[in-house]
Amino acid sequence: MKILKILLSAVLLALLFLPAWLQATEFIESAAFSGKNGIAVAFAVPVDKAAAAEASRYTVFEENDPDIKLSVTSAALGSDGRSLQLLFAEPLNSTKTHVVRVQGLEGGVDLNFKVAKPYFGHLFSILVAALVINNFVFTKYLGLCVFFGTSKRKKTAKGMGVVFTIVMVASASMSWLFYRFTLIPFHLDFLQIVVFIGLVSLTVQAVDTILRKVNPVLFNSFGVYLVLVIANCVIIAVPLIMSSLNYNFLETFMLALGAGGGFLLALYLMSSVRERLELAKIPPTFKGLPIAFIVAGQFALAFLGFSGLQLF
Amino acid sequence: MTTSSNTKPPWELLSRGILSENPIFRLALSMCPAVGISTTVMNGLMLGVAVLLVQVFSSVTISLFKNQIHPRIRIPTYTLTIATWVTVIDLVMAAYLPGAYAKMGIFIKLIVAFAIITMRLEMFACKENATDSFWDGVGMGLGFMVGMVVIGFVRELLGSGAILGYDVLGFKPLLFFILPSAGFFVVGLMMAFFNWVELVYKRRKGIQL
Amino acid sequence: MKDILNIVFRLTASCLMAAVVMGATFIFTDKAKKHNEHAREERTMYRLLGYGEGKPVPSTLALHQIYRYVITEPGRQLIGYLVPTTNAGKIGYTLVSLDLEGKMADRKTVALDVEQSREKEARDKAILAVIGPGKEIRFADHTIVVTDNGKRVAYLLGGKFPGFKTFINVMLALDQQYTTLGLEVLENEEDPGLGAEIEKDYFKNQFKGRTVDVLKGLQVVKEPLPDQYRQALEGRLADADVFRIMEQFKDKNIYALTGATISSRMLTDGLKGMVGKFVYRLDILDRVLKEQKIAVSF
């Protein structure tokens with residue numbers, strides 16, 4: 001339960017830092033994709049019906065392709081005069097930001113606004129992707145040594161997972177700062193392996209020292225796992241993925257949080273099964289690691305079902 | 001430098017890495033790539049070679065400089081050594097083998113976090129001379145490579161009916177084996193197989209005695 | 001105290017040694033890396049055009065790169081094409097900027113040579129220097145016009161679009177009538193054994209020989225791939241048979257991969273969008289180049 005609280009507060013903290021999605025003009029209250037080939041716009045005040053219904057007044061294009069205009073087949077204004085539904089000849093690619101231009105709608109002024117998926121949704125989908133879709137243990141196959149080593153008891157599994165998440169978020173944030181402001185400007189990205197592993201070791205050392213001083217009780221229960229964290233590929237994989245995908249800070253934060261949470265989830269699931277396995281009758285040749293691998297394989301198959309999951 | 005009076009024969013060091021202390025099947029270390037990218041023999045071979053080189057270079061480096069390493073900064077020095085050699089291998093592979101490098105993805109860089117390499121440095125290279133460390137490194141690296149190739153062989157043969165990309169069976173027996181999650185099953189079943197061989201061997205011996 | 005100094009000294013020394021080793025490797029491999037990457041890219045291009053073993057690349061064949069940029073200035077946006085031009089037998093580069101209606105807004109000579117033009121950084125810098133301050137540029141895509149003896153024979157277009165899991169990076173070859181000559185999947189992160197099969201011959205060659213009209217209306221169907229078609233796609237039959245079978249299937253829909261219908265559909269949709277945009281843009285660019293009498297090398 002405690003872990004859940006920690007995770008929840010971390011997510012809430014992340015939400016606080018999210019920039020609000022601001023619209024370009026105050027005249028437009030909201031604009032969003034609706035259905036496969038439509039855009040729904042809500043105006044702040046009612047507009048002229050006849051003018052708004054003329055499809056030729058609207059110019060819509062993807063932000064990256066300003067020269068290719070998407071053909072608007074119809075523009076329908078709702079009875080309140082404020083909600084507008086634009087329909088297009090072809091399905092829209094809602095992963096891209098669209099720009100809508102309206103000519104002379106209200107007092108002859110041209111309107112210009114953007115339609116995009118909410119940024120929060122994008123960040124959330126990175127979190128969910130790292131958590132389940134690309135779970136680091138079951139679909140990326142990272143950190144298996146620690147995974148099989150510490151998933152024998154639920155208690156250890158939880159402790160390990162939490163320590164991992166904390167170290168991962170801290171080291172990934174530091175790595176991002178270092179990568180963005182030192183390695184890239186000086187063309188030193190070939191040093192990334194050395195720098196990232198150094199930062200991970202530093203974080204572990206720092207967490208160790210702080211925890212020992214601040215909360216000795218917690219240290220006694222979690223301290224043993226800290227040593228295991230250093231020599232682990234999950235923790236070094238996060239900064240490497242971040243650098244190869246060119247993530248910004250919030251994206252990196254979400255990736256690290258998701259990766260840590262995913263590791264915790266995997267450890268917890270696995271330890272629950274392994275506690276029961278001890279009571280089961282297993283052929284002697286399969287005792288220990290072999291059966292654990294086969295159970296992990298079944299989990300991996302189950303996690304394959306998450307692939308392609310899209311929430312936003 | 002210690003004298004070579006206690007030098008062990010190379011074959012003993014080699015066979016230890018490949019058989020009795022095989023990093024994948026016996027020590028169960030560094031399994032991530034064994035599960036993740038062992039879908040073909042070629043992948044297994046490439047990563048095996050990379051690990052072999054990193055292991056040998058790091059072992060020799062550490063054993064050459066073992067008298068200069070301050071015991072209190074032992075582990076950071078190992079990490080630095082391994083990271084340096086991984087970077088070198090990574091850059092060389094990216095430059096000269098771009099096709100294979102693209103398939104390995106992130107795993108080449110992740111060699112830096114392989115437990116077997118640090119373990120060999122701590123347990124062997126920091127005590128023994130350079131020649132022995134060289135053979136020990138070769139043995140461990142080969143052991144890893146053999147493990148990867150065997151898993152890759154099974155998965156490629158059963159999954160796509162081919163070996164090293166050449167179609168040998170003409171059909172695909174079980175597509176399941178090249179699915180990523182099958183790596184867990186193959187490794188698990190092989191470990192069970194090795195256990196079984198050991199059990200049978202011990203039983204026979206017991207009867208004879 | 002002495003101990004600490006000792007440790008610091010040794011740590012510094014080992015860091016320096018490591019830096020020397022890594023730096024030296026980087027310097028030695030960097031050039032080879034760029035060269036090999038370029039060679040690999042070129043090999044892919046020639047393979048798509050049908051050259052390879054047994055069919056050497058003729059010396060009259062030339063590849064001309066067009067880089068497209070989106071230029072943003074206060075108040076308006078322009079599309080900038082960096083095209084190679086011949087000036088007294090020498091290859092130079094010109095930035096042709098078009099407004100969103102397809103009329104020429106500006107043309108400027110860019111100080112670049114062929115070697116430099118391959119590097120994104122050098123290109124961006126040269127363009128920024130030419131268009132003046134207060135403007136932003138964003139690299140959009142890169143197209144290659146293939147000429148044989150000065151006559152256009154094919155186009156190669158690169159593209160990146162979403163797949164089932166992450167992105168699919170492809171290169172597509174079209175002839176002058178925009179009929180597809182071949183497809184190569186350069187990068188993908190689909191599931192091995194399922195979606196990753198898009199890079200296999202039996203799937204990607206289904207896009208071969210499609211005219212632009214057929215391609216635009218192409219659908220993905222969930223039907224088993226006919227055995228004969230599969231053999232033809234994998235090139236396991238005699239040339240004449242392959243030709244006959246490919247001809248027979250050239251108006252048919254795309255057979256989806258087993259267990260990866262969405263990957264198949266994403267790839268098909270991505271290609272449709274790519275070709276549609278390319279045809280539209282090339283027509284405009286060609287018209288402008290002709291009107292303005294810009295001596296491009298293709």
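The legends below describe close-up views of a predicted model.

In this predicted model, local features need pLDDT of at least 70 and side-chain atom pairs count only at pLDDT 80 or more, whereas totals for chains, interfaces and linings use all residues; side-chain values use heavy atoms, with hydrogens and water left out. Residues are numbered from 1 along each chain as its sequence is written, and chains are lettered from A and ligands numbered from 1 in the order in which they are written.

**View 1. The open sheet of chain A.** Four strands of chain A form an open sheet in the order β1-β2-β6-β5, with antiparallel pairing. Its edge strands are β1 (28–34) and β5 (72–77), each of which pairs on one side only. On average, neighbouring strands of this sheet are turned by 15° against each other, direction ignored. Strands (E, at least two residues) and helices (H or I, at least four) are DSSP runs, numbered from the N terminus, and two strands pair if DSSP finds at least two bridges between them. Axes are lines fitted to C-alpha atoms, for helices over the stretch in contact, and angles run from 0 to 180 degrees between N-to-C directions.

**View 2. Strand β6 of chain A and its two partners.** Strand β2 (residues 38–43) of chain A runs antiparallel to β6 (residues 83–88) of chain A, and five bridges join them. Within this pairing, A:V41 stands opposite A:L84 of β6(A). Strands β5(A) and β6(A) are likewise antiparallel and joined by five bridges. Here A:V72 has A:F88 in β6(A) as its bridge partner. The hairpin of β5(A) and β6(A) has five residues between the strands, and A:G81 in this hairpin takes a positive phi near 75°.

**View 3. The interface of chain A and chain B.** In this interface, 31 residues of chain A are in contact with 34 residues of chain B, contact meaning heavy atoms within 4.5 Å. The two chains bury about 2,900 Å² between them, 86% of it on carbon and sulfur atoms; buried area is the accessible area (1.4 Å probe) that two parts lose on being put together, summed over both. A:Y141, A:I193 and A:F293 supply 24% of the area that chain A buries against chain B, more than any other three residues. On the side of chain A that touches chain B, two or more residues come from each of α4 (144–149), α6 (192–214), α8 (233–245) and α10 (289–304) of chain A. The largest share of that side, nine residues, comes from α10(A). Its residues divide into 24 nonpolar, six polar and one charged, where Ala, Val, Leu, Ile, Met, Phe, Trp, Tyr, Cys and Pro count as nonpolar, Asp, Glu, Lys and Arg as charged, and the others, Gly among them, as polar.

**View 4. The interface of chain B and chain C.** The contact takes 23 residues from chain B and 24 residues from chain C. Between them, chain B and chain C bury about 2,000 Å², with 73% of it on carbon and sulfur atoms. B:H70, B:I73 and B:L91 supply 22% of the area that chain B buries against chain C, more than any other three residues. Across this interface the rule finds zero salt bridges. Helices α4 (74–96) and α5 (98–104) of chain B each supply at least two residues of the side of chain B that touches chain C. To that side α4(B) gives the most, with nine residues.

Definitions and conventions: Salt bridge = Lys/Arg side-chain N within 4 Å of Asp/Glu carboxyl O.
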